[in-house]
Every structure is written in structure tokens, then in C-alpha cells.
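Morning, everyone. I've got one model to walk you through today, so let me put it up on the screen.

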Amino acid sequence: MASQNGVVFEDFFPAMVEKLGAEGFMKELCNGFQLLVDGDKGVITFESLKRNSALLGLQDMSDEEAICMLREGDLDGDGALNEMEFCTLMLRLSPELMNSSTKLLVEAIVNF
């Protein structure tokens, strides 16, 4: 996946799921949330995302990219990401996991 500045981001999530299992992977996503969260508000805000993004190697994220990330994941329209919204966004950003989830859903329906 390439960004506007030409940096290519490899999707490590499928390998993480394989190594950690689904439960372990979700725990790691929750840990990522905790790195970015505003401790007083309990959600990821624009300010907390910008302040803490270097912890995830995203120190070069522009304000526009941060705002887009928040908008993309903000399912309840409050301008911030709670833990569920953050984890959902992270899963949606992994095309391989999304493709696998569709396959698993189809298998579950067929076997139901």
C-alpha cells in the first residue's frame, strides 16, 4: 500500500493473526489504541493522534492525513475514535484480512 509521499506500507496484519491468533491479534490492536489514546478523554483525538503518532512510526503524518484517519474511523460522528472504532478501522485498512473475512463469512453461511 503506497501513501502520497511514496512510502510503501506492508500489511503485516495477516502474519500477526497467524502468529498470535485472533485473540492475541485483537489484544495487540487494543495495545495500539492505548498508545494513541488521550488519557483524559479515553478516545483518540486529533491532538492525541498527532502527539503520539511517532510511537507507531507515523511521525511524518500530515494534519490532513490525521483528520482523514479520524473521519474514516469515526462511526458515531463524535470526532474521535473509541477502541472499537480504532480496531474496526485497522481491520478495514488490511485488504488481505478483509478478503479473508469475506471468505470465512461465506463458509460460515454455507455450513449453517
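Predicted model: local features only at pLDDT ≥ 70, side-chain atom pairs only at ≥ 80, totals over all residues.

Residues are numbered from 1 along each chain as its sequence is written, and side-chain values use heavy atoms, with hydrogens and water left out.

Okay, the fold. We have 5 helices and 0 strands, where helices are DSSP runs of H or I, at least four residues, and strands are runs of E, at least two, numbered from the N terminus. The protein has 112 residues, and 28% of them are buried. Buried here is under 20% relative accessible area, exposed is over 50%, and partly exposed is in between, with a 1.4 Å probe and protein chains only.

So what's in the middle? The largest nonpolar core has 17 residues, and L29, I44, L49, M69, L81, F86 and M90 touch the most other members. By nonpolar core I mean buried Ala, Val, Leu, Ile, Met, Phe, Trp, Tyr and Cys residues joined through side-chain atoms within 4.5 Å. Helices α1, α3 and α4 each give two or more residues to this core, and α1 has the largest share, with 5 residues.

Take I44 as an example. Leaving out neighbours within four places in sequence, I44 is in contact (heavy atoms within 4.5 Å) with F33, L36, V37, L49, L70, A80, L81 and F86.

F86 brings us to α4, residues 83-92, whose buried residues are E85, F86, C87, L89 and M90. What covers them includes α1 (13-36) and α3 (63-73).

Now, how many disulfides does a search of the whole structure find? The count is 0, taking a disulfide as a pair of cysteine sulfur atoms within 2.5 Å. For C30, the nearest cysteine sulfur belongs to C87 and is 4.2 Å away. C30 is partly exposed, at 24% relative accessible area, and C68 is partly exposed too, at 41%.

Last stop, E47, which sits in α2, residues 46-52. E47 is partly exposed at 47%. Its C-alpha is 9.7 Å from that of D63, 16 residues away in sequence.

That's my tour, thanks.
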